[in-house]
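Here is a short report on aromatic rings and their neighbours. Look through the sequence and the model first.

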Amino acid sequence: MAAGSLAEKIPIMRAPALPVDQTILDLLPAAVYACDAEGRITRYNRKAAEIWGREPRIGDPGELYCGSYRLFWPDGRPLVHRDTPMADAIHTGRSHREMEVVIEQPSGRRIHTRVNIDPIRDETGEIIGAINCFHDVTARRETERKRRGDAVRESERRLREVLEALPTAIYATDAEGRITFYNQAAVEMSGRRPELGTDKWCVTWKLYRSDGSPLPHDQCPMAIALKEKRPIRGVEAIAERPDGTRVPFVPYPTPLFDEAGTLVGAVNMLLDITDRRKAEDYAQRLAAIVEFSDDAIVSKNTLGVIQTWNKGAEHLFGYEAHEVIGRPVNILLPPARQDEEPGILDRIRRGERIDHYETVRMRKDGSLLDISLTVSPLKNAEGKIVGASKIARDITERRRQEERRQLLVNELNHRVKNTLATVQSIAAQTFRGDHGASLQQFESRLVALSRAHDALTRESWEGAELQELVEGTIAPICAEPAERFEITGPPLLLRPKVALSLSMALHELCTNAAKYGALVNGAGRIKITWQVTSSNPEPRLHLRWEETGGPRVETPSRRGFGTRLIERALARELGAQVKLLFPPSGVICEIEAPLS
Amino acid sequence: MSGHGAQSPLQAKPTSDPAKKLCILVVEDEGMVAMLIEDMLTHMGHEVGAVVSRMEEALQIAKTGSFDLAIIDVNLDGQPSYPVAELLTARGIPFVFATGYGRQGVDPKFAQVPTLAKPFVSKDLAKLLSQTEPRL
């Protein structure tokens, strides 16, 4: 028998036997046992047997190094007996302090122990065994773990509070993507309250990619982060709330791992970029407006150095943006106007704006152009003036068009007046000598018509001032209008048709007054007054002509051209109501005409 | 307004002294208008030295012609007649403009020149002539 013979060869209780009384050993609060150089247990105390849960046989070569059948490392891996610290101490002579070893009792109960081992040597220094003093730390470990657990829970609670208070939407999921936590900001952003443990991948209701196409939840950045176990950055998406409103956002999904590197979930932050997007959109729209404006839009700093240069500026001045940015704005000033810029810069630094200043600038090729310039100070976010924007509009074309228009008006006038003069000549030739007075009356009517045209021409045929019209009609007939006429009425621009008709009527009244009325003697006076009433549906002009101090008036026996013109033509052309009265004191004419 | 009165414009009382009978050049491209001016002047007792309607003719006569005063249409068939006015200014011959443009239509260089706005009556013409210092 191999075992038996071995037992006989090696005296069991030899050198390692502790020279201590067993009773004393058993009273120690710690577990103690010793092994010989072969690892056989030579002695142990009661505490050791308690922890092992059994009483090993002394010197049994079948169970070496430890009195427990099964041992484990603290992380749960099995620990074979020959790898125990006891075996190591016996074979290498090393001591071990406070090493953790898990003992499994025959009942299956596991006891966490801390072991302290020292080798035992004889007088020659040869290792003859080792002594192991160990104690049960299971209870202490439990307390510690519990304490640690409380601390973790407390820290988690605090973290939750912090997350809850953050103004940014934050939520977490487990490894399968089921939502385990979300904060109030997430509720506000998604417009809903996600169902914990059921809703997956994202707190939002519906998702879209930034191009507007639908984004299924299981393809969202958070889902990708969980599936690919990596954080996702730099993606934008759009969330739709149940009420249909949309929120553009940037997600920051980050997977979470435990100590062993196992995926345990993920956390995601959704950054609402509505404001940023709005600002970007606005800035982009503004930039596009500036870029594609026909006007040259240029910005310069307070030293007059060009900072930006749009397409309009390229077109207007002939310089490409890269040729002028960084150069002084003076390059656009013709040599004769170099002194303009310091003045403009001074006004800008004082925060003033220069509006529609018409000046001349020079193109790259040296040619000059007429521009209308508006310069406004540019302020930074703090309100400090950092430069100026200049908007330059080419007015060469406008000038040319104005000139062309003036030329056309002149030409038209020339033609009309020559035609009237020709008609006058034809009449004079036709009725030569026959109807002297009639011809004179005809000529004066023709001239009156022509004067009304002049009044209109001065306003470019947009209308004529009533005051001017009245004065123009009186002038050829009355040499001293100031003494004979009293003219009162508000400024009033009459449209061409009204102006022409009214002016003809006034002419007839004037010539009549010169022949038979207030202008015949030196004492007569004529009062012309008008006002505008804003009656419905349109404003109306009330004009009154009143003669006094002339010869006694008799009602004419027949209606002449003048009367008919005033009473009928005016009424017909203007829709006017005309009252022509011939009281003995002097002619009174009241005209009421719609103005629109 | 009723047709009373018996004055004929063509037999109007003379507006100028026959002693100041002037020889007048009329530059006018509208034949009928020229005729009207001619009649008006004749009835005032003046003499119409010549009526020209084309630019070259007008320039020629402005250079060499002999007259006391000129009435010039500003627009001669689309061309401004200022060269004629310049020649007359150089020779010291007074002139008035007749124009459909009115005073605004005249080159500012000639702002001092009396202007007749077409159409005009004989009285207007007489008044303007009396204000102009003819070279005698």
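## Charges over rings

A charge counts as sitting over a ring if NZ of Lys or CZ of Arg is within 6 Å of the ring centre and within 35 degrees of the ring normal. The model is predicted. In it, Arg54(A) lies over the face of Tyr69(A). The distance to the ring centre is 4.0 Å.

## Aromatic pairs

Over all chains, there are 12 aromatic pairs. One of them joins Trp309(A) and Tyr319(A). Trp309(A) belongs to strand β16, residues 306-309. Tyr319(A) lies in the loop between α9 (311-317) and α10 (321-324), so the pair ties together parts that are 10 residues apart in sequence. Trp309(A) and Tyr319(A) are both buried.

Phe485(A) and Trp545(A) also pair. Their planes stand at 70 degrees with centres 6.1 Å apart, so this pair is edge-to-face. Which strands do Phe485(A) and Trp545(A) lie in? Phe485(A) is in β21 (residues 485-488) and Trp545(A) is in β24 (residues 540-548), so the pair links parts that are 60 residues apart in sequence. Phe485(A) is buried, as is Trp545(A).

## An aromatic cluster

Some rings form a group. Tyr33(A), Tyr44(A), Trp52(A) and Phe134(A) make up one aromatic cluster.

Technical notes: Residues are numbered from 1 along each chain as its sequence is written. Chains are lettered from A and ligands numbered from 1 in the order in which they are written. This is a predicted model: local features need pLDDT of at least 70, side-chain atom pairs count only at pLDDT 80 or more; totals for chains, interfaces and linings use all residues. Side-chain values use heavy atoms; hydrogens and water are left out. Rings of Phe, Tyr and Trp (its six-membered ring) pair if their centres lie within 6.5 Å; planes under 30 degrees apart count as stacked, over 60 as edge-to-face and the rest as tilted. Helices (H or I, at least four residues) and strands (E, at least two) are DSSP runs, numbered from the N terminus. Buried means under 20% relative accessible area, exposed over 50%, partly exposed in between (1.4 Å probe, protein chains only).
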